[in-house]
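Please read them alongside the sequence and the model.

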Amino acid sequence: MLNVGIVGLPNVGKSTLFNALLQKQVADVSAYPFCTIKPNVGIVEVPDERLALLGKITGINKLVPAAVEFVDIAGLVKGAHKGEGLGNQFLASIREMSLICHLVRFFKDEKIAHVVGEINPAEDVKTINTELILADLQTLDKQKQPRDSQKKEKIFWETVCLLKKELNQGKLAREIKLSEEQRESVEKLFLLTLKPIIYVANIGEEELEKRNKILKSFSRLPVISLSAKMELNLVVLEKEDKEEYLSQYNLKEPGLNRLINLAYETLGLVTFFTITGSKEARAWTIKKGTPALQAAGVVHSDFEKKFIKAQVTSFKNLVEYGGWGKARAAGKARNEGREYLIKDGEVVEFKSGSG
């Protein structure tokens, strides 16, 4: 399952955003640093209108969406790499994440103290990045030149030396041009600055109208803007009230939807669907370019072990023809082998052997 770690300085709104994602109060929201000591973990449904439409067309009531695990990681501070503010514990939590969601404070609120006394988004980003770089340098400094002269070990050591040189110049590992072999050689180190990242600008409701202007300083980064406080208010509203609320700020959908979609896009993920008779329609998450054989294993290990074929149709065809049976009758369902690359939105039925 995709897991996203929400990081940032203390008091930037991480727990508020986490609560909004879970659509209920589960994290301790406080106006003071270090109120979150242990990471809060929650499973969040991925918003996808296609699944509801599949259920409507097929008459299936049990719909199982894809899911994302969000982790509310307590605030990092300057000196975290040396253990300041429980830094070691928090950095260890980040190492386990598929993706880092860096929440940056733009909103002003005199009741909520800023950890360094003033709101400066660019400086806050720099502080977090510096701590992650320093933590990675500690990891790299612990590596020893291998005695083995095999190609694999040689590539590993050359990559470690390159990363140390560049990180000492202030670069993040993900910004350094690495070959596929080099990247794979250091995967075991779980470097923090090599992880994919998205930035979320947490702005006040009164600033939503100016959000595009506010984000200019982040124009070269994967970033969205939202008001975590507003997102938390939205989750308790009925659909019509929610739409009216959003329209006030010329927004078509909640920021949470955009956040999850950006996470998918950044990690190169796609969704496919399965329909089990008249019982269940389910969404599944895979990496873009995943062969049918491996996609079958995501659904059930037996489907991969005893794979025969995958019957595939597009979401558009299933909707247009009103279900699997009619799509098949119209010749819109085709058989594909184990090497076929599953595409986003396809509806798949895996055929497997019994022995």
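1. Helix α1 is largely enclosed by the rest of the structure, because nine of its nine residues are buried (under 20% relative accessible area with a 1.4 Å probe, protein chains only). The buried set runs K14, S15, T16, L17, F18, N19, A20, L21 and L22. Q23 follows α1 and has a positive phi, near 60°.

2. The model is predicted: local features need pLDDT of at least 70, side-chain atom pairs count only at pLDDT 80 or more, and totals for chains, interfaces and linings use all residues. Residues are numbered from 1 along each chain as its sequence is written, and side-chain values use heavy atoms, with hydrogens and water left out. Helices (H or I, at least four residues) and strands (E, at least two) are DSSP runs, numbered from the N terminus.

3. An open sheet of six strands has the order β2-β4-β1-β5-β6-β7, with mixed pairing (two strands pair if DSSP finds at least two bridges between them). Strands β2 (40-45) and β7 (223-226) each have a single partner strand and stand at the edges, so one side of each lacks a neighbour in the sheet. On average, neighbouring strands of this sheet are turned by 25° against each other, direction ignored.

4. Strand β6 (residues 197-202) pairs with β7 in the parallel sense, over four bridges. Within this pair, A201 stands opposite S225 of β7. Helix α10 packs on the sheet, touching β1 (2-7), β2, β4 (67-72), β5 (99-105), β6 and β7 (contact means heavy atoms within 4.5 Å). The direction of α10 makes about 170° with that of β7; axes are lines fitted to C-alpha atoms, for helices over the stretch in contact, and angles run from 0 to 180 degrees between N-to-C directions.

5. Helix α10 (residues 255-267) has 13 residues and reaches 18 Å from its first C-alpha to its last, close to the 18 Å expected at 1.5 Å a residue (1.5 Å times one less than the number of residues). Its buried residues are G255, L256, L259, I260, L262, A263, Y264 and L267. Just after α10, G268 adopts a positive phi of about 70°.

6. The axes of α4 (residues 121-141) and α5 (residues 151-167) come within 10 Å and cross at roughly 150°. Contributing to the contact are I133, D136, L137, L140 and D141 from α4, with V160, L163, K164 and L167 from α5.

Notes: Buried < 20%, exposed > 50% of the residue type's maximum accessible area, 1.4 Å probe, protein only.
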